[in-house]
Amino acid sequence: MASRITCVVVDCLDHERLAAFWCAVLGYEVVERSQEGWVEIGPPGQPEKGPVPTVLFQTVPDPTPGKNRLHLDVNATDRDQDAELERLLELGATRADVGQAGTEGWHVLADPEGNEFCLLRSRVATL
């Protein structure tokens, strides 16, 4: 027996803003929204606790102290890395400097609240 990741939770200052950003990045839709200050997003049409983890954004009053110890990696599904980089920057991502040399096969970016994520080179199939 083993456990499976069913949801990744992201603490943030504006859960609606980040959920909208990540829905656009991932092609996800809102799964559930709470009056208590959170939004859960996931792949369109996926059953509850389906094979792909959902992402839940919850508003918390305190900023993250220091560097996040976890980040997401994303891959384009229908375009090359350069075209996807342009799309992500247009959606509101920014380039992030974490000390990379600049010769890596990935780009380090940050979402609208500064959470770092990486855009990897290879293209992957859609679900």
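Student: What makes strand 7 and strand 8 a pair, and in which sense do they run?

Tutor: In this predicted model, strand 7 (residues 107–110) and strand 8 (residues 116–119) share four bridges in the antiparallel sense. Pairing needs at least two bridges, so these strands qualify. Within the pair, His107 sits opposite Leu119 of strand 8.

Student: And what makes strand 5 and strand 6 edge strands?

Tutor: The open sheet has four strands in the order 5-8-7-6, with mixed pairing. Strand 5 (72–74) and strand 6 (94–95) each pair on one side only, and that makes them the edges.

Student: Why is the pair Phe21 and Trp22 called edge-to-face?

Tutor: Ring centres have to lie within 6.5 Å, and planes over 60 degrees apart count as edge-to-face. Phe21 and Trp22 are at 5.3 Å centre to centre with 90° between the planes, so they pass both tests.

Student: What about Phe21 and Phe117?

Tutor: Those rings are 6.4 Å centre to centre with 65° between the planes, so that pair is edge-to-face by the cut-offs as well. Phe21 is in helix 1 (residues 15–26) and Phe117 in strand 8, so the contact ties together parts 96 residues apart in sequence. Phe21, Trp22 and Phe117 make up one aromatic cluster.

Student: How do you know whether Phe117 is buried or exposed?

Tutor: Buried means under 20% relative accessible area. Phe117 has 1%, so it's buried. Phe21 is buried too, at 4%, and Trp22 counts as buried at 4%.

Conventions. Residues numbered from 1 in each chain as written. Predicted model: local features only at pLDDT ≥ 70, side-chain atom pairs only at ≥ 80, totals over all residues. Heavy atoms only, no water. Helix = DSSP H or I, 4+ residues; strand = E, 2+ residues; numbered from the N terminus. Phe/Tyr/Trp six-rings, centres within 6.5 Å; stacked < 30°, edge-to-face > 60°. Buried < 20%, exposed > 50% of the residue type's maximum accessible area, 1.4 Å probe, protein only.
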